[in-house]
Amino acid sequence: MSGVVLEGLVAARGTRRVLDGVSASFPPGRVTGLVGTNGEGKSTLLRVLCGLLRPTAGGGSVLGHPLDAPHRYVHRVGAVIDGPALLDGHSVRRNAEVVAASAGVPAGRAAEALEQVGLAGASAVRAGRLSMGMRQRLSLATVLLRDPDVVLLDEPTNGLDPVAVLGLATIIRAAAAEGRCVVVTSHDVHLLERVCDRVIVLRGGRAVHEGELAELLGGPPAPPAVPGLADRLGALMAPAGASGMGVVA
Ligand SMILES: Nc1ncnc2c1ncn2[C@@H]1O[C@H](COP(=O)(O)OP(=O)(O)OP(=O)(O)O)[C@@H](O)[C@H]1O
């Protein structure tokens, strides 16, 4: 695995050059936070990386393949962009099974992924009846079960309760520990501080900062000895024996 490398990437939405020469790298085995104010092009960049949008100019590579040959790598990229895309008329289990079948992975992976995101107890619920946070979890399960080498998550805490945010952070860290290249866009600085190894800042169509989170914070990461608000709320809100992203009754 060689992650993602961008070299002078240019991409437009409509007539506007949203990305105007982005050079940056997203290494495997690490979580890179992609940040910037509203409209700076974070989602646009993720759309390019999963082959939904063609760059106008510049280039780079994904998993060692040229960016302009998405057919060589998109099957190894898992993404949740612009919110969950689900089959609302089908159950949670069916949604996961359909993705497993289309990706050619064993059906057992669907059940494992639902367990991992805390949705095993809601397998029979119709996707259209899920809350926003549960939809996010199901979407994440459909990404993870395909075992992708690159994981792209666009605002993954939208709609998640504090217990689920802690579970999400654990899953994101585990994905990187397994060697995956993980890219997270978020305005949730608590999540970014908790999960990121590195941070890239987009401004004016370019990557104006790229570096280690620890450097940005001016030293080694603070020891997790003192629980923050997320930990305290998580402990108060989690049902007894909850694991993964929380148990769904
Ligand atoms: N389908 C579209 N057609 C035209 N312009 C678009 C389209 N989608 C997004 N844009 C524009 O592209 C720019 C970048 O949008 P993008 O969603 O990539 O930003 P973002 O950094 O993810 O923003 P946010 O933090 O608000 O999610 C914005 O100016 C937006 O208005």
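Colleague: Which elements of the protein chain have the lowest and the highest mean pLDDT?
Modeller: In this predicted model, helix 8 (residues 229–237) has the lowest mean pLDDT, at 70, whereas strand 8 (residues 181–185) has the highest, at 97. Where pLDDT is low, the predicted coordinates should not be read in detail.

Colleague: What does the protein chain average in pLDDT?
Modeller: The average is 88 on a scale from 0 to 100, and 90% of the residues score at least 70. For the complex, the predictor gives an ipTM of 0.97 and a pTM of 0.88.

Colleague: What makes strand 6 and strand 10 the edge strands?
Modeller: The open sheet has 6 strands in the order 6-7-8-3-9-10, with mixed pairing, and strand 6 (77–80) and strand 10 (206–212) each pair on one side only. From one strand to the next, the twist averages 15°.

Colleague: Why are strand 3 and strand 9 said to pair?
Modeller: Pairing requires at least two bridges found by DSSP; strand 3 (residues 31–35) and strand 9 (residues 198–203) are joined over 4 bridges in the parallel sense, and therefore count as paired. V35 has V201 as its bridge partner in strand 9.

Colleague: Where does helix 4 pack on the sheet?
Modeller: Helix 4 (residues 132–144) touches strand 6 and strand 7 (150–154), and the direction of helix 4 makes about 175° with that of strand 6. On the scale used, angles run from 0 to 180 degrees between N-to-C directions.

Colleague: Which strands does helix 5 lie across?
Modeller: Helix 5 (residues 162–177) lies across strand 3, strand 7 and strand 8, and runs at about 150° to strand 8.

Conventions:
Residues are numbered from 1 along each chain as its sequence is written. This is a predicted model: local features need pLDDT of at least 70, side-chain atom pairs count only at pLDDT 80 or more; totals for chains, interfaces and linings use all residues. pLDDT is the predictor's confidence in each residue, from 0 to 100. Helices (H or I, at least four residues) and strands (E, at least two) are DSSP runs, numbered from the N terminus. Two residues are in contact if their C-beta atoms, placed from the backbone, lie within 7 Å.
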